[in-house]
Amino acid sequence: MNPDVRVRFAPSPTGYLHVGGARTALFNWLYARHCGGSFVLRIEDTDKARNTQEAVQVILDGLRWLGLDWDEGPEKDGGHGPYFQSQREEIYERYFQHLHAGGHLYQDNGAWRFRSPREIVTVEDLICGRIDFDLTNPGTHPDMTIRRPDGSWIFHFVNVVDDIEMKISHVIRGEDHLSNTPKHLELFKALGKTPPRYAHIPLILNKDGSKMSKRDAGASITSYIDGGYVPEAVRNYLCMLGWSPKDNREKLEISETISLFDLEKVNRRNAHFDLDKCFWLNGQYLAQMSLDRFRELCVPVLNKAGVPFESEASLQPVLSIIKEKIKNLTEVPLWVASFFTDHYEYDSEAVQKTLRQPKSGERLLALASEFESLHAWTLPEIEAALKKTASVLGFKTGDLVHPTRVAVSGRSVGPSLYHMLEVLGQKKTVTRMRRTTELFSL
RNA sequence: GACCCUAUCGUCCAGUGGCCUAGGACACUCCCCUUUCACGGGAGUAACACGGGUUCGAAUCCCGUUAGGGUCGCCA
């Protein structure tokens with residue numbers, strides 16, 4: 001445990017949370033939690049042109065959805081704020097004057113540039129190792145601009161100032177910043193401050209190795225939120241992109257990931273994103289989570305879809321028989337609806353395949369009568385009645401099972417039939433079976 | 001173009017000089033289980049980029065080539 005460990009996630013509000021950014025946030029968060037340190041969220045909104053409240057909200061929502069709570073940041077003051085760069089003007093001005101007084105700055109066409117000391121700068125990276133950058137040639141490494149003619153600030157400068165002011169101990173960020181690091185080190189030196197430790201994590205690319213852009217499947221965290229994914233599953237998948245517990249396990253409780261996580265064990269090669277595997281893990285989480293958690297996730301989805309369930313309690317038995325069968329929350333309304341409404345749709349293909357068959361009406365009516373006569377509506381009773389009817393009529397079990405399923409739910413896929421009927425109830429089952437034969441004139 | 005990072009099955013992750021005729025997972029194919037769809041169980045296809053070294057011995061260390069990615073902004 002080391003409370004002096006302070007890390008930060010510093011996104012700029014571009015209007016969406018990229019999956020790579022989310023993983024950067026995740027690794028920062030994991031490291032902070034592992035060390036017992038602090039996770040700071042800082043919004044880098046120096047580019048006034050494209051800053052909106054909504055764009056910030058998308059980031060906050062995404063992080064919260066993934067369960068990445070910050071100790072300091074927007075809506076959570078921790079004594080190092082404000083946490084929006086747009087509100088830190090005086091701080092930057094102060095540091096600017098300091099650099100200016102030290103003779104490190106000069107003006108060029110109205111913009112302010114930092115005069116590089118022209119040295120070989122060594123980066124000691126926790127993941128990439130020791131790297132020497134030769135900055136002695138102005139031709140290949142021009143002096144960086146830190147302030148525009150209109151007085152606004154450039155990324156490199158404010159990023160460094162904030163890391164100093166916020167007492168950041170470890171900078172964990174994407175590898176796209178590795179080549180920027182020597183510049184930042186020059187700034188720390190000129191300001192007379194000790195730089196933080198650096199850890200550059202590899203990038204996430206598309207499965208084919210191309211750069212992942214906003215439009216690509218799985219690129220935006222919003223697409224998981226809206227796409228029926230379970231947050232803990234997505235978080236787990238992201239943990240395994242560039243890191244692993246080294247023992248071939250892939251589904252890991254977050255608490256265990258926290259205790260095992262370490263920067264030294266992070267991979268050095270770029271990861272190619274595989275949505276199929278994320279989807280598989282989502283199904284694993286769904287199947288194995290508690291019924292209460294499942295209900296918690298299903299309720300908003302059902303409400304949004306307008307499925308008229310009576311109460312959360314009435315949902316429980318229904319959800320318990322579908323939980324292990326679905327792989328994505330978006331499937332839930334379709335699997336649940338027919339339990340709560342008589343106006344379910346009949347899938348035309350299913351009707352054609354199982355109802356529009358010789359003697360299907362006879363079978364359904366016979367079974368409905370048998371069901372009606374049952375005194376106890378339990379799993380074994382239902383199963384026995386169906387098998388008995390099948391044998392009396394001279395049909396195979398499946399010849400009764402399939403039409404019955406379509407009759408009471410409108411679909412050819414669903415939970416185990418006996419469980420489904422038990423939950424539906426005796427009366428509804430019988431009514432629906434008879435109604436179906438009339439509806440299709442069987 | 002210059003500089004930097006990387007290089008094991010299609011993909012993710014193991015492997016840090018001998019235990020590797022390279023292991024686990026996703027995807028794919030086949031089989032079993034089965035009232036549907038899934039789950040589960042079993043089997044299979046499939047990789048150390050290439051070339052030089054070092055060493056008794058290399059996926060593991062070194063060099064080069066090639067390939068991929070990144071940075072070189074008055075974007076962040």
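Student: How many residues does the largest nonpolar core have, and which have the most contacts inside it?

Tutor: Please bear in mind that this is a predicted model. Its largest nonpolar core comprises 139 residues, and F157, F294, V336 and F371 have the most contacts inside it. Helix α1, spanning residues 19-35, gives the most to this core, namely 10 residues.

Student: Which residues does F294 touch, leaving aside those up to four places away in sequence?

Tutor: With those set aside, F294 is in contact with L286, M289, L319, I322, K323, I326, L329 and V332.

Student: How are two packed helices described?

Tutor: One states the angle between their axes and the distance between the axes. Here, helix α4 (residues 155-165) packs with helix α5 (residues 181-190) at an angle of about 55 degrees, and their axes are 10 Å apart. That angle makes α4 oblique to α5. The crossing of α4 past α5 is right-handed.

Student: Which residues of α4 and α5 meet?

Tutor: From α4 come F155, H156, F157, N159, V160, D163 and I164; from α5 come K183, H184, L187 and F188. The residues of this contact divide into 6 nonpolar, 3 polar and 2 charged.

Student: Is helix α12 mostly covered or mostly uncovered?

Tutor: Helix α12, residues 332-340, is mostly covered, with 7 of its 9 residues buried. These buried residues are V332, P333, W335, V336, S338, F339 and F340. The buried residues of α12 pack against α10 (291-305), α11 (312-322), α16 (397-409), α17 (417-424) and α18 (426-439).

Definitions and conventions:
Residues numbered from 1 in each chain as written. Chains lettered and ligands numbered in written order. Predicted model: local features only at pLDDT ≥ 70, side-chain atom pairs only at ≥ 80, totals over all residues. Heavy atoms only, no water. Core = buried A, V, L, I, M, F, W, Y, C linked by side-chain atoms within 4.5 Å. Buried < 20%, exposed > 50% of the residue type's maximum accessible area, 1.4 Å probe, protein only. Helix = DSSP H or I, 4+ residues; strand = E, 2+ residues; numbered from the N terminus. Contact = heavy atoms within 4.5 Å. Axes fitted to C-alpha atoms, helices over the stretch in contact; angles between N-to-C directions. Parallel < 35°, antiparallel > 145°, perpendicular 65-115°, else oblique. Left-handed = near helix turned anticlockwise from the far one by under 90°. Nonpolar A, V, L, I, M, F, W, Y, C, P; charged D, E, K, R; others polar.
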